[in-house]
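Take a moment with the sequence and the 3D view below. We will follow charged side chains, then aromatic rings.

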Amino acid sequence: QVQLVESGGGLVQAGGSLRLSCAASGRTLSGYFMGWFRQAPGKEREFLASIFWSNGITYYADSVRGRFTISRDSAKNTMYLQMNSLNPEDTAVYYCAVRNAGSTAWRADWGQGTQVTVYS
């Protein structure tokens, strides 16, 4: 079982940047995808980006491609989401999640997450 802890959220002015972190523990991540999601009040949870831990290949949702960058530090078992050019529509709770390469189901503590608030 992988435990995930997000951090790095906060209050930022529109146009600014934040970097989120997701520390993973409990097992090796080889063969797993890790990803970032967000959920704004009254909206569905939205997939943002993923990274395949073994080789670092990334994938982005159209809504964040070019503004957000997902990365990992294998030595620290930590994933990051660098968010640039933030706008108020990016305000949401951000979650990290994990998925076995052989599964379609993302797992996360959907009750945790880190709040990002962008003000204009």
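Does R38 count as buried or exposed at 8% relative accessibility? R38 counts as buried, because its relative accessibility is 8% and buried means under 20% relative accessible area (exposed is over 50%, partly exposed in between; 1.4 Å probe, protein chains only).

A word on the source. This is a predicted model, in which local features need pLDDT of at least 70 and side-chain atom pairs count only at pLDDT 80 or more, while totals for chains, interfaces and linings use all residues. Residues are numbered from 1 along each chain as its sequence is written, and side-chain values use heavy atoms, with hydrogens and water left out.

Now look at the charges. A salt bridge is a side-chain nitrogen of Lys or Arg within 4 Å of a carboxyl oxygen of Asp or Glu. By this rule there are 4 salt bridges. One of them joins R38 to E46, with the closest N and O atoms 2.8 Å apart. E46 counts as partly exposed, because its relative accessibility is 26%.

R38 also meets D90 in a salt bridge, 2.8 Å from N to O. R38 lies in strand β4 (residues 32-39), and D90 in the loop between β8 (78-83) and β9 (92-100), so the pair ties together parts 52 residues apart in sequence. Strands here are DSSP runs (E, at least two residues), as are helices (H or I, at least four), numbered from the N terminus. D90 counts as buried, because its relative accessibility is 1%.

D90 has another partner. R67 forms a salt bridge with D90, again with closest N and O atoms 2.8 Å apart. R67 is buried, and so is D90. Shared partners join R38, E46, R67 and D90 into one network.

Next come the rings. Rings of Phe, Tyr and Trp (its six-membered ring) pair if their centres lie within 6.5 Å; planes under 30 degrees apart are stacked, over 60 edge-to-face, and the rest tilted. The structure holds 7 aromatic pairs. Among them is F37 with W110, edge-to-face, at 5.4 Å centre to centre and 85 degrees between the planes. F37 sits in strand β4 and W110 in the loop between β9 and β10 (114-119), 73 residues apart. F37 is buried, at 8% relative accessible area, whereas W110 is partly exposed at 25%. Y95 and W110 also pair edge-to-face, at 5.4 Å and 70 degrees. One aromatic cluster takes in F37, F47, Y59, Y95, W106 and W110.
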